Amino acid sequence: MSNFTENDYASSRQTTEGPIFDVTGGDWDSLVTEIGASKEERVVVNMGPQHPSTHGVLRIVLELEGETVKEARAGIGYLHTGIEKTTEFRNWTQGTTLVTRMDYLAPIFNETAYCLAVEKLLNITDQIPEKAQVIRVMMMEFNRISSHMVALGTGALELGALSPMIFAFREREKVLDIFEMFSGLRMNMAYIRPGGVAQDVPEGGIEKVRETVKYLRENFKDNSTLLIGNSIWIARTKGIGYLDLAGCTALGITGPVLRATGLPWDLRKTQPYCGYENYDFDVVTTDTADVYGRFLVRMNELEQSLRIIEQCADKLEKLEKAPVMVADKKIAWPAQLSVGSDGMGNSLEHIRQIMGTSMESLIHHFKLVTEGFRVPAGQAYAAVESPRGETGVHAVSDGGTRPYRIHFREPSFNNLQSVAAMCEGSMIADIIGAIASIDPVMGGVDR
Amino acid sequence: MESNINSPFAEQQGAFGTQTSGDTSGFGGVVKSAPTFGSSSRPFGSYFDDIADNLERAYSEFRDGIEKIVVDRGELTIQVKADHLLEIAQILRDQLRFEYCLGVNGVHYPEDVNRELHAVYPLLSMTNNQRVRLEVCVSDSNPHIPSLVSIYPGNNWHERETYDMFGIIFDGHPALMRILMPDDWQGHPQRKDYPLGGIPVEYKGATTPPPSDRRSYR
């Protein structure tokens, strides 16, 4: 290290497009000296893919004039893992385990959208037991809370407010505890399965849900009193990242960004799935179409989610001992998993039964687990309202035990296109707020 | 055996993926014929008849431009010819009020000769709360589809992704280049002739082949 001279830091080289500077941090002084000497006024700055405020590995190429952004282009693909391709080499049930890892902050939504598409292909949408649907709705709403918590917490953090992140992650932790109790895992649960859910409500589950709802409702106040009406927060967010309804429609934007323009488009209301038509809740909108409006939409959606969860808890109390998997034994996994002291695992009772008493059950189990079920050929599209907008799944089957093609219409992927529309003409500091308000999750963008 | 030109899938032999002596199950002789996908007949049910009627009324070349209309699993699919796509999309957006195009997805059917690559566009009308799916089929040798970016600007990245993954060329796209894979990548990963990859893993003397080379049910 000692061999470096000052010139080695912000080194520059000549290209046909002008001088290019490599800035690695802490060497801005030398950069300013060099740029100050040149006559060029436009500077191209490469933000990311490792920038802490870009929500993961997002790269943004900025063309700046002073501190004004003249052009912003997003570069993605750094987190592409080929999940869609991999699903083609696993059976339909295993698909949940893969797709849950796409948008890792909203795993339940990925699983549900996928399962709804598979169930549509199987033509069993009407046969899903009510209890499974209620559990799905409850898990989705909890997941919406945990996802919004990250959006709010990291969004505030990136704009320099540290405390909201501490509060948000404290709340998120409680939601993850619920996930762990119900599914055995805190993230990427593969809990929603084609035909129902992986296991029944654990003992004491409903009480824990009620307790958590009470806790969350009380503690959301910490963040709302910190941020709503806070003059610094308003100065950083109001009028920033403006994108009106026309812009949203043109760019295919859905979710909180769309609802912040005043259009109450929410698939839970307009095209209900999983029985959302049986719940009493409001679609939250604002009409400012800016970062502050999107923040308010997310903030107020938390309370609506809690309302839905309470109704789920009421329904679940009445549905004790009801099935959580479709009755068709050719599709339903023959056993519910059980949560042991070391996490989720096989149901020992079921293993005892098939190994000790029934050869046919053993064969059946073996066939279903190794081979999986066949899905009639055709294609289907299913969509759910995820925390970021419409998560759509296009599933194609060739009649076999594996998906022929699974495609996720990821809201993050689509919404990220609006970076240019939101940021061009604004100050460089406002880009951070604008991107945070889109709430892109790169795992979902790149898949 | 008669092959079905309507179906994008070929008939299958045996219960496992192997063609050689690997299949010891006794199911090697099983032949599963390919499913049929014909055009649906009227009435389509739901709001689908209205969409078909309105489109027919608004578009004079309806009979030329539309290959078939399929209603399956409560969803309406309109298969259109590539050179009519722009006009149909324009009518669907402006007159039938399908304001949203939720991207485009490719599907590769190697058995569907001369129509190997399908591009699928899910459209959404918020005004009427309706959905419809457009499907365009092109061949591997001439994979050109007009770009919808001029009508639905939000399709920009989606078309880039479909180009990246399938090699479908969207004519008129403002900057059709790879988006998820590196710029210098060779091949289009989501095509069926593109291998999944992976290496055999040895553990305690036994070797597990990569997923695509394993014997598997189908």
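A hairpin of two residues connects β10(A) to β11(A). The strand names come from DSSP: a strand is a run of E of at least two residues, a helix a run of H or I of at least four residues, and both are numbered from the N terminus. Two strands count as paired if DSSP finds at least two bridges between them. Here β10(A) and β11(A) run antiparallel, joined by nine bridges. In one of these, A:Gly378 has A:Ser397 in β11(A) as its bridge partner.

Before I go on, a word on the source. This is a predicted model, in which local features need pLDDT of at least 70 and side-chain atom pairs count only at pLDDT 80 or more, while totals for chains, interfaces and linings use all residues. Residues are numbered from 1 along each chain as its sequence is written, chains are lettered from A and ligands numbered from 1 in the order in which they are written, and side-chain values use heavy atoms, with hydrogens and water left out.

Strand β11, residues 389–397 of chain A, pairs with β12(A) in the antiparallel sense over five bridges. Within that part of the sheet, A:Ala395 stands opposite A:Ile406 of β12(A).

Is β10(A) enclosed or open to the outside? Nine of its nine residues are buried, so β10(A) is largely enclosed by the rest of the structure. Buried means under 20% relative accessible area, exposed means over 50%, and partly exposed lies in between, with a 1.4 Å probe and protein chains only. In a regular strand, side chains alternate between the two faces of the sheet. In β10(A), A:Gly378, A:Ala380, A:Ala382, A:Val384 and A:Ser386 point one way, and A:Gln379, A:Tyr381, A:Ala383 and A:Glu385 point the other way; all are buried.

Next, the salt bridges. A salt bridge is a side-chain nitrogen of Lys or Arg within 4 Å of a carboxyl oxygen of Asp or Glu. Over all chains, a search of the whole structure finds 39 of them.

Another pair is A:Glu424 and A:Arg73, whose closest N and O atoms are 2.8 Å apart. A:Glu424 lies in the loop between α16 (419–423) and α17 (428–438) of chain A, and A:Arg73 in strand β5 (residues 68–75) of chain A, so the pair ties together parts that are 351 residues apart in sequence. A:Glu424 is partly exposed, with a relative accessible area of 32%, and A:Arg73 is partly exposed at 43%.

A:Asp282 and A:Arg307 also meet in a salt bridge, at 3.2 Å from N to O. A:Asp282 sits in the loop between α11 (267–270) and α12 (291–318) of chain A, and A:Arg307 in helix α12 of chain A, so this pair ties together parts 25 residues apart in sequence.

In chain B, B:Arg73 forms a salt bridge with B:Asp72, with the closest N and O atoms 2.7 Å apart. B:Arg73 counts as buried, at 14% relative accessibility, and B:Asp72 as partly exposed, at 27%.

Last, the two chains as a whole. Chain A has 18 helices and 12 strands, and of its 447 residues 58% count as buried. Chain B has four helices and 12 strands, and of its 218 residues 49% count as buried. Accessible areas come from the Shrake-Rupley method with a 1.4 Å probe; for residues, only the protein chains shown count as cover. The accessible surface of chain A is about 18000 Å², 54% of which belongs to carbon and sulfur atoms. Chain B exposes about 10600 Å², with 49% supplied by carbon and sulfur atoms.
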